[in-house]
Amino acid sequence: MGRLVLQPEIGCSPYARRLQKLDQLLVATAPLWQPHPFKTERPAWCETHPELTRALLGLDEAALAHYSSDNEALIRFIAGFIPQLAAIPSLIALPATEHKQRDEPAPHLGTGVPGRKWQQIRSLYHAMDEPQHAITEWCGGKGYLGRLLSMQWQQPVTTLEYNRLLVDAGRALADKFSANQQFQLVDVLHDQPGNYVRDKHTIALHACGDLHRELISQIIRYHPPRFTIVPCCYHLGRDTAYTPFNRGLTLQLSTEALRMAVNETVTAHHNEITKRNQDMAWKLGFQKLRERLTGNSDYYSFRPVPKAWLQEGFKLYCQKLCEREQLPLPTAVDWHAWESCGYKRRHDVMRLQLLRHCFKRVLELWLIMDMAVYLQERDYMVSVGVFCDKTLTPRNIMIEGRALPLSGYNGATK
Ligand SMILES: C[S@@+](CC[C@H](N)C(=O)[O-])C[C@H]1O[C@@H](n2cnc3c(N)ncnc32)[C@H](O)[C@@H]1O
C-alpha cells in the first residue's frame, strides 16, 4: 500500500513567509478595508481614526486625483495616520521580470490586435521563459498570443477557447499567417482539458477567476514541465466565496471582497469623468431619498440602471427608479436638495474609499502568493514577477513554474 502523504500546511519559503505576513496584515486590518463608504456612510474606522477622516475629507480635487492615481503616495500619506500600513510597500513589491533580448516580432503580426493587447503580448513574450515544449494557450480568445509564440519559437501551439466565434476568427488568422497553431473548441471547466496540459508548456494570459484556478488544479494533476500564468478577474467564478489553495490561512474572502483586488481607477476623458461622477452622485442621492421615504437606512443594492435615465434629469431618474422599485413618492419633493445631497455623499465616498485602495494590491498579492506557494509545495520551482508596466495592464503579475522531480505528494486537489 502507498504511503499516506499529508497535505502540507504553508511552508517556510520566502513566498510562504510573505503569504503569512499578507494574511496577518489583511486579517488585522479588515475593519479598515472591508466596509465600503458607498454602502456605509461612515465606516466604524472614522470614529477610531478621526484625524485621518478629517484629512481625507479635506482633500481638494487635485490631491484626490493624485492619491487616486498614485498608490505609493497614497499609502505613504495614510501610513502617517495608521503606521500599520507602512508594512505594505515591502509586502507588495515584486521584481520586474528580466526583459530578454529576443527577436522583435514583425509588426505585421500585430495587425488587427488591439493596441494595448499587442503590447501586453509583446511584453509577455520578452519576459517569459522560452518554451521547450509544445505550447497550450489556455482560454486564448482569438489566439493572438499563441500565434506570436508559434511564429517566434517554432513551437506548435494549441489554443483552447470555448467561444466558437473567437475560435473561427483565430483559425482564419492562423491560416493567414501560416502559423503552426490549432484551435480546440473546449470548455476548460467542463471538458476535461488534462490532455492539453500534460507534457505541454501551458500559457494563460488573463484567464479570469475559475479559469486560472482550474489550470492550477490541472497542473497539479498532470504535472506538466512548465507553465506561465497571468491571472485576472479573481472574483469571476462559480463560488460565492474564495477557497484558498493552502491550508493554514486565516483570511476569508467573499466574491465581493475579491472584486476589490481588480477595481481600478480607470483613467478617463473629462466627459466620461463627469458622467461617472453624476452616476455615483445620483445613485447616492436616490439612496438618501429612499432612506427618508422608507425609514430604512440599510444599503440599497442597485440593479443596473439604464444609461439613458442619466440624461433626463435627477427628478425623472428618481421617478423611474421609484416606479421600478414600487416606491410611492410624495407630491412635494425638493429634488434639488436630494441631488445636492448625492453630490455631497459622492464627495465623501471618493475620499474615504482611498483607505480601501491601499489594500487592493495587498489582496492581489495574497491571492497570487496563495497560488505560488501551493504550486511550489507541489514540486514546482516558481517565480513571480511583474512582466509589464501597469499602464499597459494593471493585471501585470506573471507566475511561472518549472517542474521538479515529483516528491511523492499527490493528494492535491482544490
Ligand atoms: C479575458 S479573455 C483573455 C483572452 C486572451 N488570453 C487574451 O489575453 O487576450 C478570457 C477568454 O476566456 C474565454 N473563456 C471563458 N470561459 C471559458 C471556458 N470555460 N473555457 C474556455 N474558454 C473560456 C473567453 O471566451 C475569453 O476569450
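Which residues make up domain 1 and domain 2 of the chain? Domain 1 covers 107–244 + 374–403, and domain 2 covers 270–354. These bounds come from an automatic or database domain assignment. The centres of the two domains, taken over C-alpha atoms, lie 42 Å apart.

Before you go on, note that this is a predicted model: local features need pLDDT of at least 70, side-chain atom pairs count only at pLDDT 80 or more, and totals for chains, interfaces and linings use all residues. Residues are numbered from 1 along each chain as its sequence is written.

**Stop 1: the sheet.** Show the strands. You will find an open sheet of 7 strands in the order β3-β2-β1-β4-β5-β7-β6, with mixed pairing. Select 181–185 and 380–386 next: these are the edge strands β3 and β6, and each pairs on one side only. From one strand to the next, the twist averages 15°. Strands (E, at least two residues) and helices (H or I, at least four) are DSSP runs, numbered from the N terminus. Two strands pair if DSSP finds at least two bridges between them. Strands of a sheet pair through backbone hydrogen bonds, either parallel or antiparallel.

Stop 2: Pick serine 383; its bridge partner in β7 is glutamate 400.

Stop 3: Find glutamate 161, which stands opposite leucine 185 in β3. The chain crosses from β2 through α10 to β3, and this β-α-β crossover is right-handed (with the strands pointing away from the viewer, the path from the first strand over the helix to the second runs clockwise).

**Stop 4: the ligand.** How many residues surround the ligand? There are 17, and the closest are Cys139, Gly141, Tyr162, Leu205 and His206. A residue counts as near if its C-beta atom, placed from the backbone, lies within 6 Å. Now select 201–208, strand β4. β4 gives the most to the shell, with 3 residues. β2 and β4 each supply at least two.

Terms used. Axes fitted to C-alpha atoms, helices over the stretch in contact; angles between N-to-C directions.
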